[in-house]
Amino acid sequence: MASSGTANPVRASYAYAKRMGPGWVAGAIAAGPATIASLVTAGALFDYSLLWVVVLSAVGGATAQYLAMRLGLLTGSGIVAVVEEQLSDRWAWILVADVVIAAGAAQLVIMNTVGSVFATTTGVDARIWGVVWAGILALGLAGRGYRFIEFVAKLLVAGVVVAFVASLLVVPIDATAAVGGLTPTLPGGSALVAAGILGGAVHITLITMHAYGMKARGWDETDGDLAALDVLLSMVVAFGVYSVSIFLVAASVLSDPELTAIGAAQALGPLVGANAELLFMIGLGGAALSTLGANTIVPPLLLADKLGWGTTVEDGRYRGLLVAAALLSAPGAFIGGEVLGQLVLVLALGTVGTPFAIVVVLYVLNSPAVSRPTPAVLNIAGLALLGVSGTLAVNFIREQVAAGLAPLSGAVLTFGVVLAVATLLLLGKFLGEELRTGSEPELS
C-alpha cells in the first residue's frame, strides 16, 4: 500500500509537469546567452552592486508573463489579432515590426554564440555549426512546430539551471557583499548592463508570444491555476535561480573588464577549478540552443497572425515562415567578433521596444476583448513594470548618445525614439478613453 501511495503523487506530478509548457518556452528565451552576457558583465564590472536588478528581472519577468498569459486565456486569440480588432491595423503593424526587429537582431547574435561555443568545444569552424544548427532547427520546426520547441525548452532550461547551480556550489561567495547588492543603486556606466539584465526577462518577444502558447495548448480561463503555476515555476523559480547563480559566480571571481562570453567560462578554470569551467560552458551552450529555438518561432507567429494565416504547422504558409526564420539565422554564425557586447546590446535593444508591448497588453486587458475586469493589483503591477522598463530604456539611450553615435547606436536610437512616440501616443489614447468613460483603468 505504501508503494502505491508513493507512486500516485509521482505519477500525478509527472502528468502535471507534462501539461505545463508555455512558460518554459518564454523561460528558454529569457535564460539565453544574452542574459548570461549581461549577468557576467554586471558581476565582473560592478561586483555585487546590481544583484537587486537580477532579482527584479525575475519578478518583473513573471509579472509580464502573467499579464500576457491572462490576455491569452481570456481572449483565446493571439495578441496581434486582438490589437487589430481593438485598436487598428496600424497599431498591429507597429507591434509586428517591433517584434521582428528585436527578435531578428537577437536571432543573429544568438546563432553567433551557438557557433562560437561549439567551435570552442569541438574545433570545428563556427560557420559550419551555424549552417548545421539552422538546418536542424528548420527540420524540427517544420515537423512539429510549437510543441517541438516546448518539449526541447523544458529539457534544456532544466539542464541549464542545474549546470549553473552546480557551478555556484564550487565558487566562494561573499554573502555579506551579496546582501548589500540588494540595495537599489546604479553605479556610473551601468545603465546598459542593467537594461540588458532586465531585458532578459521583461522582453517584447516573451510578452507577445505567451498568448500564442495559451492558444497552442488550447487553454482557457478554466486553466488559470495551471497557467499561473507554469509562469511561477519557469520564471520565478527556474529563471530566478539561473540568473542569481550566474551573477554570483561572476561577481565572486571574475573582474576582467575585457571579459568575453566564452572567456568567462575559460577564466573559471584557473581561478576555481576545471569543474566550474566545464559546468559554465555546458550551461552557456544549452542556454544558446534553447533560446535559439524558442526565439525562432516568435516573428513567424506574429506575422502569420497579422496576415490571417494559421499559427500551426498544419498551415503550409506558417510552416514556410518557420523554415525561413530558421534558415535565416545561419548568417549569424558568419558575423564573427566577440559576442559579449553584441549580446548585451541586443538585449538592451529589446528593452527599448518592451514598454510599447506592455502598454499594448494593458490596453487589451482593459478593453471589451476581455470578459473579466482586470484586478487593480495587476494594473498597478503592469504600470510599475512600464515605469521600470521605460526608465532603463531611457537611461540606455542617454548613455548611447553620450558615448557618441556610431551607425549601430544611431539605429538603436532611431528605433527607440519611434517606439517611445508610439508608446506615449497609445498610453495617452488609453488614459483618454478611460477618463471619458468616467473611470480609471479598471483600478476601482
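Author: F118 counts as buried, with a relative accessibility of 17%. Buried here means under 20% relative accessible area, exposed means over 50%, and partly exposed lies in between, computed with a 1.4 Å probe and protein chains only. The model is a predicted one, in which local features need pLDDT of at least 70 and side-chain atom pairs count only at pLDDT 80 or more, while totals for chains, interfaces and linings use all residues. Residues are numbered from 1 along each chain as its sequence is written, and side-chain values use heavy atoms, with hydrogens and water left out.

A pair of aromatic rings is described by the distance of the centres and the angle of the planes. Rings of Phe, Tyr and Trp (for Trp, its six-membered ring) pair if their centres lie within 6.5 Å; planes under 30 degrees apart count as stacked, over 60 as edge-to-face, and the rest as tilted. By this rule there are four aromatic pairs. One of them joins F118 to W133 in a tilted arrangement, with 5.4 Å from centre to centre and 50° between the planes. Because F118 belongs to helix α6 (residues 89–122) and W133 to helix α7 (residues 126–144), this pair ties together parts that are 15 residues apart in sequence. Helices are DSSP runs of H or I with at least four residues, numbered from the N terminus. Together with W129, the residues F118 and W133 make up one aromatic cluster.

Burial may also be followed elsewhere. In helix α5 (residues 79–86) one finds V83, which is buried at a relative accessible area of 1%. Contact means heavy atoms within 4.5 Å. Leaving aside neighbours within four places in sequence, V83 touches S88, W91, A92, L95, V360 and V364 in this sense. Between V83 and Y363 there are 280 residues in sequence, yet 8.9 Å in space, C-alpha to C-alpha.

A whole helix can be described in the same terms. Nine of the nine residues of helix α2 (residues 22–30) are buried, so this helix is largely enclosed by the rest of the structure. Among them are W24, V25 and I29. In helix α9 (residues 175–180), by contrast, lies V179, which is exposed at a relative accessible area of 56%.

How values were computed. Helix = DSSP H or I, 4+ residues; strand = E, 2+ residues; numbered from the N terminus.
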